Amino acid sequence: MADSVDPAVRSAIMRAVRSENTGPERVVRKLAHRLGYRFRLHRRDLPGTPDLVFPGRRKVVFVHGCFWHRHPHADCRRGRSTPASRTAYWEAKFARNVARDRRNQRELRADGWGVMVVWECQTKPAELDRLAGRLRRFLD
């Protein structure tokens, strides 16, 4: 199936997708700060440029978009959806994203860092109490 959007328009749409300071990332930052934790953002000297870095605790948090990073949970529909056009391209892209995420997490753990992944669907208002508990357990 061909893309129903002009390639130039599709390119502009894709350029607008943020990789830092996303809505879910801001939710996690606000929650961690409210819980009393202090952190650094987007340390480029660490594998994968983690979204939140807690240097004194040697812990990092990645906030992943369910669609882009293929959230594997059965209840997350966004993690399984694939665009109808150019499916081979998208499937290869998603596979590279997942492989890169695994590699970055493996490197961080090998260097002595604790790694936590927060999925976009876990940052919804109904999930924040559960997320706060996960953050506390991970960071303490």
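Contact here means that heavy atoms lie within 4.5 Å of one another, and in this predicted model the elements that cover the buried residues of helix α5 include α2, β2, β3 and β4. The buried residues of α5 are Leu 131, Ala 132, Gly 133, Leu 135, Phe 138 and Leu 139. The helix has twelve residues, which at 1.5 Å a residue should span 16 Å, and this agrees with the 16 Å that separates its end C-alpha atoms.

The largest nonpolar core comprises 16 residues, and those with the most contacts inside it are Val 28, Leu 52, Phe 54, Val 61, Met 116, Leu 131 and Leu 135. At least two residues of this core are supplied by each of α2 (23–34), β2 (52–54), β3 (59–64), β4 and α5 (128–139), with the largest share, five residues, coming from α5. Phe 54, when residues up to four places away in sequence are not counted, touches Ala 32, Tyr 37, Arg 38, Phe 39, Lys 59, Val 61, Trp 113 and Leu 139.

Strand β4 spans residues 114–119 and includes Trp 119. Because its relative accessible area is 13%, under the 20% cut-off, Trp 119 counts as buried. Although Trp 119 and His 64 are 55 residues apart in sequence, their C-alpha atoms are 5.0 Å apart in space. Residues up to four places away in sequence again being left out, Trp 119 touches His 64, Gly 65, Cys 66, His 69, Arg 70, His 71 and Pro 72.

Definitions and conventions: Residues numbered from 1 in each chain as written. Predicted model: local features only at pLDDT ≥ 70, side-chain atom pairs only at ≥ 80, totals over all residues. Heavy atoms only, no water. Helix = DSSP H or I, 4+ residues; strand = E, 2+ residues; numbered from the N terminus. Buried < 20%, exposed > 50% of the residue type's maximum accessible area, 1.4 Å probe, protein only. Core = buried A, V, L, I, M, F, W, Y, C linked by side-chain atoms within 4.5 Å. Expected span 1.5 Å × (residues − 1).
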